[in-house]
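Please read these notes with the model open beside you. They go point by point.

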Amino acid sequence: MSNAVDVLPVRRGLMYLACAGATWSTTGAAVDLVYRSSDLGPVAVSFWRFLGGLVLLLMARAVRPSRSANRVPASTQFRRPPLLLRAGTAAGLAVFQTAYFGAVAMTGLAVSTIVSLGAGPVLTAIGARWALDERLGRGGVLAITGAVSGLTVLVLGDQGAAVRPGGVGLAVLSAAGYATATLLARGAGRAGRGEDPAVVTAWSFGIAAVCLLPLAVPAGLLPHTTQLGRLLVIAAYVAAVPTALAYPLYFAGVTVVRAATASTIMLIEPVGAAVLAVVVLGEQLTAAMLVGAVLLLFPMILLARVEARLAGGTVVS
């Protein structure tokens with residue numbers, strides 16, 4: 001039995017993260033359409049998203065058996081039991097998504113986005129420094145600061161946003177859930193778990209759906225709508241593209257890219273959402289959107305170049 005295994009190239013991991021972030025940028029608009037088409041709440045939407053994603057991943061696995069995509073040296077082993085790892089990742093994802101949807105409902109999209117997505121890289125960097133001994137350095141700190149500043153300009157712009165403490169608290173909780181899932185996935189990749197990202201994602205979706213079910217039932221699990229066909233199409237898209245497709249790409253990328261860098265790269269999501277608003281929804285391109293996008297994209301490019309250089313094009317420890 002060989003103790004050396006294949007490793008996902010870091011450049012490909014960065015590409016996977018960018019693709020995941022781009023697909024996630026469509027989630028907010030799609031979920032907003034779900035809200036407009038039915039009376040489903042945040043918990044029910046999260047439950048159906050996880051369940052739909054799980055079904056699609058199981059169907060794909062039945063057609064094409066999985067194999068370990070990320071293989072790393074077997075000299076070290078992740079000490080936590082796999083089930084505990086998967087449960088922790090699932091809990092992080094459930095909190096991340098459901099708390100964010102709740103924050104949007106309570107304090108609006110602008111404030112929820114800037115708090116949740118802005119706090120995510122910061123909490124991840126702190127957690128990575130403490131738990132994984134990953135150091136950003138001054139350049140990394142400046143890059144994250146610039147990214148959060150760009151997010152502030154992009155999302156708030158000239159809008160008048162009402163800040164409600166309860167909504168801000170949910171947004172911070174969402175960021176903590178995201179950081180938890182990121183750090184667990186990164187820790188597993190560094191320690192040599194080498195599991196197929198689709199398998200990890202399927203387990204996480206299944207556990208998250210089970211955890212959300214008791215909360216979703218009293219909140220209203222089944223929709224009441226006069227637009228059932230439209231609702232099913234939108235729900236299928238949410239389950240397929242920004243869920244079943246995006247999350248395996250995300251988990252594959254985060255195993256070989258430093259946690260703080262991965263979370264900052266994922267800030268491509270609001271940039272994609274802004275582009276979508278202009279190109280598809282016909283919104284006017286404002287100076288705030290342009291400046292915010294530039295401020296966000298520059299730190300991403302900087303961190304991606306640093307990541308690839310440190311990895312030598314292969315792996316980062």
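1. Helices (H or I, at least four residues) and strands (E, at least two) are DSSP runs, numbered from the N terminus. The expected span of a helix is 1.5 Å times one less than its number of residues. Helix H1 covers residues 10-24, 15 residues in all. From first C-alpha to last it reaches 21 Å, close to the 21 Å expected at 1.5 Å a residue.

2. Provenance. This is a predicted model, where local features need pLDDT of at least 70, side-chain atom pairs count only at pLDDT 80 or more, and totals for chains, interfaces and linings use all residues. Residues are numbered from 1 along each chain as its sequence is written, and side-chain values use heavy atoms, with hydrogens and water left out.

3. Overall fold. The protein chain has twelve helices and zero strands. Of its 317 residues, 50% count as buried. Buried means under 20% relative accessible area, exposed over 50%, and partly exposed in between (1.4 Å probe, protein chains only).

4. Which residues of H1 are buried? They are Val10, Gly13, Leu14, Leu17, Ala20, Gly21, Thr23 and Trp24. An α-helix has 3.6 residues a turn, so residues three or four places apart point the same way.

5. A search of the whole structure finds three cavities of 30 Å³ or more. A cavity is a set of points, on a 1 Å grid over the protein atoms alone, where a 1.4 Å probe fits but cannot get out; lining residues have an atom within 4 Å of a point. Grid points are joined across faces, edges and corners, and a volume is the space filled by probe spheres set on the points. The lining includes Trp24, Phe96, Tyr178 and Glu269. Trp24 is also among the buried residues of H1.

6. Which helix gives the largest share of that lining? H5 does, with four residues. Helix H5 (109-132) and helix H7 (165-190) each supply at least two.

7. Gly118 sits in helix H5. It counts as buried because its relative accessibility is 5%. Gly118 and Thr145 are 27 residues apart in sequence and 9.3 Å apart in space, C-alpha to C-alpha.

8. Val55 lies in helix H3 (residues 42-63). Its relative accessibility is 41%, so Val55 counts as partly exposed.

How values were computed:
1 Å grid on protein atoms, 1.4 Å probe; cavity = no way out; pocket = protein on both sides within 12 Å on 5 of 7 lines; lining within 4 Å.
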